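Trainee: Hi, could you walk me through this one? I'd like to go through it piece by piece.
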Amino acid sequence: MTALLSIRDLRVAYRRDGVEVAALKGVSLDVLAGERLAIIGESGSGKSTLALAVAGLLPQSAVIGGTIGWPIPKSQTSHSFAPPSRPRDAIPLLGRDIGFVFQDPSSSLDPVMPVGKQIAEVVRTHLKLSWRDSYTKAKTLLQRVRLPDPDSALHTYPHQLSGGQKQRVAIAAAIAAAPKILIADEATSALDTIVQAEIVALIRRLVAEDGMTLIFISHDIALAASLADRIAVLRHGELIELGETHQIIEAPRHTYTRALLEAHLGLDAKPLLGRQGASA
Amino acid sequence: MTVLAASSLTKRYRRGDKPFAAVDNVSFEIGPAETLALAGPSGSGKSTIARLVLRLIEPDAGRVDFEGADFLALSGAALRARRARIQMVFQDPLAAFNPRATVARVLDDPLRIHGIATRAERPRRIAALLERVGLDAGLAARAIHEISGGQRQRVAIARAIATRPSLIVLDEAVSALDVSVRGQILELLLDLQRQERIAYLFISHDLGVIRAVAHRVVILDAGRITESGDARSVIANPQSAIGKALVAATPRLTRSRP
Amino acid sequence: MNRLRRFFHTPEAIAGASILALLIVMALVAPLLFSGDPQAIAGPALLPPFQDWSLPLGTDRLGRDVLAELFHGARTSLAVGLAAAAAALFIGALVGTLAGFAGGLIDEMLMRVTDAFQTVPSFLLALAFVSIVGPSLGAVVAAIALGAWTGPARVARAEVLSIRERDYVAGARVIGMHPLEIAFREVLPNALPPVLALSSVIVAAAILTEAALSFLGLGDPNRVTWGGMIAEGRAVLRSAPFLSVVPGIALVLTVLGVYLAGEGVVESTAVRRSLS
């Protein structure tokens, strides 16, 4: 497989009260075309910063170093962050080339616009279709994300939908322009277990159907393992370990990865309660 | 003997024009030093039950007996005094504290309100509480927003045990924590339970966590109890549709070696 | 320190702060620089400015030193503006917090009273109040505060309504805190920032109202006020316009300074909020 995206020595720092706080300290990583890559880590690991950097969504005030290379066929140039002037075509466009799903669909969707229009807008902007065709495409997309009754769903507002349904709409908008990469940043963390499983299944199906490359950001190693081909473990802004999912799960090399696996409380884990014999 | 007995608790809200029951005829009991878990999808009524039991909201019907007395009959100063015995820990430890508070103030409040220690004794008590939950006593002077999420949740637990309660309601108390911190907090809770014989009403959407710490579990769906029983047996062999769905949806690590 | 640095980041804030600083210095040094009674006769009547350097801004119809009056007038303007705004914010925050936190009948009653005050034009209210009570510094302050507290009350109530639902308020109830302590110790301090953001507007409006009352002869007769000076100069507006223009400029600059400084504070706290 070829690298769709090659990240080299990526360094990101945020400025807070005049002090620079490092969020990523030189991360190098290749994202392969068509793979499902999970990036896991705890709070402060820099996993979300990595996702935002790839999508070009970092705030203006962020101090960025290193390169994110896009050896995409269209233009072989890779862009560097160091000079702010970059050739326009070389940069992948959020929405057209990259789809991004945020953790909280209530804040990523416009509360005063019908969901159909929000999806149609993405289609119209990036695929240059007419409104009528964009709406037709939006309806197809709502069908693809399995929203019940897509015809009337086009005209509903976000607040009329449940959390899981909103996230389905957000996913439909993210994939509307048929991007090459889908980034899901903790996209299921605000949902309950049952809805989370449904959304993960949906993402898995859509990625397979469209041949998209998936970057799945999560704090949950078990969830990541259920979806990803490869797992990258981040800690304090550094890439600790990267490997095939089965290798990470069954033969982790780094002690931190081992600690994460140990801390997971699955349905087969040894109960803490029994260990102490504290029954009433 | 039971610490808390809820019987036929019902709470109705209006959604648009239609009334609906957020909690519908729910009954359960918790014994001393026992952990009862409430599990269910979002909107199943878990948090509403927590708020009813704590009398943060009032039920439309039903009865709550706490330590053998009618808890719903209390009001005013009598209710406030009784609150010393039933405490709560919230999901988001940052939202659960006044953004202007320091660690010392957060722990000082319950000691002062319930007259547990004189003004002169309180700093020593606060230091002891911090040490009890595994924190450095020097943390007292820090602002709540300066300490880490795990430390904050330990402070929340210290505040909850300050008045020596017999029951603590834990509403998704470990859900927002990093997994490495979560294990330590659960160990702390179990340790407190063994030593102080505190009962927990443990609300969580995570069956893995429930299985690790709870004695019994109640599974809720749309405000009703669908099944209940020994936590490990229910999770190993769920009978209700929602119980089966919850178990099936829980992510698992398929590892060949233990 | 950081907040201060951020405050002085915008040119508007610097301009506003400079004007205010100048004004405060004027108010403070007035009794030292012009130790006599500013209302005493100091020279010939209607002396134009820049003629006699012992009376740089000239004299008015009665021969009083305009510069001395200007300095002493700054004292009145600032004192009345700040006192009235403080009173309005205090009453507003109190009423708003009680209404928002108590809810139900108390909320309904307090908000209807607020409506009643808000429907009467605040200047008419002040006019009527001073006419009945009689012109004195305290009466003017009370009269202005009477018309200005409704804005802060509404903002405080809205803020309290949202804070009331937060977890830490539930947490305070769980540990058995008394409702009044929750309202004034847990809720009110966190509801204050947006209320205080109104203060620059209220101070500016209060200074203008005070000037207007003085202009109409309803100010404290024992104190020099800018509004009173403008009214004094009105009779000789054609022959000696400087008598009205000088205090008029002082008034405009003061209101501008208060606005700009207030904007600066709001902006620097807004940056702070978006960062956290």
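Trainee: Which strands of chain A form the open sheet, and in what order?
Mentor: Six strands form that open sheet of chain A, ordered 6-7-8-3-9-10, with mixed pairing. Strands here are DSSP runs of E with at least two residues, helices are runs of H or I with at least four, and both are numbered from the N terminus. Two strands pair if DSSP finds at least two bridges between them. A word on the source: this is a predicted model, where local features need pLDDT of at least 70 and side-chain atom pairs count only at pLDDT 80 or more, while totals for chains, interfaces and linings use all residues. Residues are numbered from 1 along each chain as its sequence is written, and chains are lettered from A and ligands numbered from 1 in the order in which they are written.

Trainee: Thanks! Which are the edge strands?
Mentor: Strand 6 (98-101) and strand 10 (238-244) of chain A, each of which pairs on one side only.

Trainee: In what sense do strand 6 and strand 7 of chain A pair, parallel or antiparallel?
Mentor: Parallel: strand 6 of chain A and strand 7 (residues 181-185) of chain A pair over four bridges. If you want a spot to look at, A:Val101 stands opposite A:Ala184 in strand 7 of chain A.

Trainee: New topic. How many residues does the contact take from chain B and from chain A?
Mentor: It takes 39 residues from chain B and 33 residues from chain A, counting two residues as in contact if their C-beta atoms, placed from the backbone, lie within 7 Å.

Trainee: Which element gives the largest share of the side of chain B that touches chain A?
Mentor: Helix 6 of chain B, with nine residues.

Trainee: And how do the residues on that side of chain B divide by class?
Mentor: The side of chain B that touches chain A has 17 nonpolar, 11 polar and 11 charged residues. Nonpolar covers Ala, Val, Leu, Ile, Met, Phe, Trp, Tyr, Cys and Pro, charged covers Asp, Glu, Lys and Arg, and the others, Gly among them, count as polar.

Trainee: What about chain C, how many of its residues are in contact with chain B?
Mentor: 14 residues of chain C are in contact with 20 residues of chain B. Helix 8 of chain C supplies the largest share of the chain C side, six residues.

Trainee: Last one: how many helices and strands does chain B have?
Mentor: Chain B has nine helices and 10 strands. Its C-alpha atoms fill a box of roughly 55 × 55 × 40 Å, taken along the principal axes.
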